[in-house]
Amino acid sequence: MPDPAKTILHAIGLQKRFGGVVAARDVDFALTEGELRCVIGPNGAGKSTFFALLAGIQPPDAGRIELEGEDITRLKPFQRVRKGLGLTFQTNRTFHAMTLRQNLDTAGRGGEEPAPFRAALTAFGLDRGLDRPVTALAHHERQWLEICMALRGRPSVLLLDEPTAGMSPVETRRTSDVLRELNSGGLSIIVVEHDIAFVRATAQMVTVLHQGAIFAEGTMAEITAREDVRAIYLGKVREETA
Amino acid sequence: MAEIVSLLYQFGTNAAFLLLAALGLIVILGMMNIINLAHGEFMMLGAYAASAAVHRGLPFPLAVLLSAVAVGVFGIVLERLVVRHFYGRELGALVVTWGISLILSQGTLIAFGPFMAPIAIPGGALTVGVYSFSTYWLFLMAICVVLLAGLGWLYKATEFGLQARATMQNAAMARALGIRVERVYMITFGLGSALAGLSGALLAPTTSIAPFMGQQFVAPAFITVVVGGGASVIGGAIGSSSLLSLVETPVSFLMGSFWGSIALLVTALVLIRILPNGVSSLRLRRRTRGARG
């Protein structure tokens, strides 16, 4: 069972600058075991940089990232994945010239199929027709397949970048249902997302990014009640935080 | 009857030559999308290594294996030192491999002179009617089948093959699944080099061994891989070499090998015009339609 007192993923003082733009500013972020957290923010808030730093696609200028107490700051993406980070991307990256089964096997690295993987495969309805080529799938099914691929590698933390991009409301709802079900089974999940309807339906806790820094953290009710959060989404915040 | 056997033999010889010439390139161009202009020189190195080994008393089969290993190791060293810096930069890779080809051929000329001691064709001859056929070429046809089947098995049925195909399709996603992309690239380039060395060694007894011998293999190799297409590189190469030989063989038979070569090039042009994505795209199109229908 997950231990809610244990921090499974910890980012401490992350900094990232691209030329004159500060994309991550002193980001302190802690995910406890078994938590389902959504990271939101308006365009340009630093969500993509935050994802890239956690995934290892970009190295931070300063700061540290720990996964289950182990420093992974200098590890490359494939090494982080091997340590237990499961990744999916905003733009679908499934292997088009392969079947569903082959796509899933690429993430296998031997060993038995983990239970969350089987559960997600069934819940998304992808367990039938595994020998179809990926090109026969609709966009949302490819997104779901990518989540299943990440789960096949037995992650301790699932890190998803806008998993519902381009999905219809019904498909988005189903994605949310499956993620919550996976989380109730004990999987720790971070979703970087801008679709507020999805976040409202999914998240236990929400982190709001603004201008590269953490602006607010709390439950969805707490976050939406805050005047200043509503203001940054409407573009009304003054530059006093800069 | 003897004419039919002779035509079949010619067809097999032509297809085997195309496939052997293309073998290493199937992996390096077909899978890694590296335009390796040093492919012919890798084959030349294989032929040189085989000749050197045979003339030091090693049996030919052992010399062939040794050549494959030597060129494979050479390929891995080259990949680590040079080629890996040019992934994703096709034109850069093209220029750098061209440079490598020049260094290899000129270097060989300086080090070993204009000719290397030839290797006698192993095996004897079979006679059907007035025609006689080299058993060595029959062996080469068989070895082509074995090598392609082995390559197909490696890439379709093993974990390494799956990871390699995933890496070639989308390296970023492969990394996100925990695949050691750098290692996959290194092994794949080494394997392609080893296969080029193996082909060079196998073809060494059929040709004169010289520093610039690689040039005769480059055009057929590229034509076979490009006409085959990227949807299924191995299947594509088999399809293209068969189609090309199907045209080349009767034309050579009736009008001589010069016109046979012209027919091969014209067929390649026509095939690329009709099927820009290669022969293997036919199969993929059919499969996708089947899955949707």
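Student: How many nonpolar, polar and charged residues does the contact of α1(B) with α8(B) have?
Tutor: On the α1(B) side, the contact is made by Leu20(B), Ala21(B), Leu23(B), Gly24(B), Val27(B), Ile28(B) and Met31(B). The residues from α8(B) include Phe189(B), Leu195(B), Ser199(B) and Leu203(B). Gly counts as polar in this division. By class, the contact has 12 nonpolar, 5 polar and no charged residues.

Student: Are α4 (115-123) of chain A and helix α6 (residues 169-184) of chain A roughly parallel or roughly antiparallel to each other?
Tutor: Their axes are 10 Å apart, and the packing angle is about 160°. In handedness, α4(A) passes α6(A) in a right-handed crossing. Because angles over 145 degrees fall in that class, α4(A) and α6(A) are roughly antiparallel.

Student: Which residues of α6(A) make the contact with α4(A)?
Tutor: From α4(A), the contact takes Pro116(A), Ala119(A), Ala120(A) and Ala123(A). By class, the contact of these two helices has 6 nonpolar, no polar and 1 charged residues. The residues on the α6(A) side are Val178(A), Glu181(A) and Leu182(A).

Student: Is Thr175(A) buried or exposed?
Tutor: Thr175(A) is found in helix α6 of chain A. Setting aside residues up to four places away in sequence, Thr175(A) touches Pro163(A), Thr164(A) and Met167(A). The C-alpha atoms of Thr175(A) and Pro163(A) are separated by 8.1 Å. With 25 other C-beta atoms within 10 Å, where 20 or more are required, Thr175(A) is buried.

Student: How many other C-beta atoms lie within 10 Å in the case of Pro133(A)?
Tutor: Pro133(A) is found in the loop between α4 and α5 (139-152) of chain A. A residue is buried if 20 or more other C-beta atoms lie within 10 Å of its own, and Pro133(A) is buried. The count for Pro133(A) is 20.

Student: Is Asp26(A), with phi near 50°, buried, exposed or partly exposed?
Tutor: This phi is a positive value in a residue other than glycine. Asp26(A) lies in strand β2 (residues 21-32) of chain A. Because 14 other C-beta atoms lie within 10 Å, between the limits of 12 and 20, Asp26(A) is partly exposed.

Student: Where is Glu68(A) found in chain A?
Tutor: Phi of Glu68(A) is near 50°, a positive value in a residue other than glycine. Glu68(A) counts as partly exposed, with 17 C-beta neighbours inside 10 Å. Its location is the loop between β4 (62-67) and β5 (70-71).

Student: Which element gives the most to the side of chain B that touches chain A?
Tutor: The contact takes 20 residues from chain B and 22 residues from chain A. On the chain B side, α6 (159-169), α7 (171-176) and α12 (280-292) each supply at least two residues. With 5 residues, the element that gives the most is α6(B).

Student: In which element of chain B is confidence lowest?
Tutor: The mean pLDDT of chain B is 90, and 96% of its residues reach 70 or more. Confidence is highest in helix α3 (residues 60-81) of chain B, at 97. Where pLDDT is low, the predicted coordinates should not be read in detail. The lowest mean, 65, belongs to α12(B).

Methods. Residues numbered from 1 in each chain as written. Chains lettered and ligands numbered in written order. Predicted model: local features only at pLDDT ≥ 70, side-chain atom pairs only at ≥ 80, totals over all residues. Contact = placed C-beta atoms within 7 Å. Helix = DSSP H or I, 4+ residues; strand = E, 2+ residues; numbered from the N terminus. Axes fitted to C-alpha atoms, helices over the stretch in contact; angles between N-to-C directions. Parallel < 35°, antiparallel > 145°, perpendicular 65-115°, else oblique. Left-handed = near helix turned anticlockwise from the far one by under 90°. pLDDT = per-residue confidence, 0-100.
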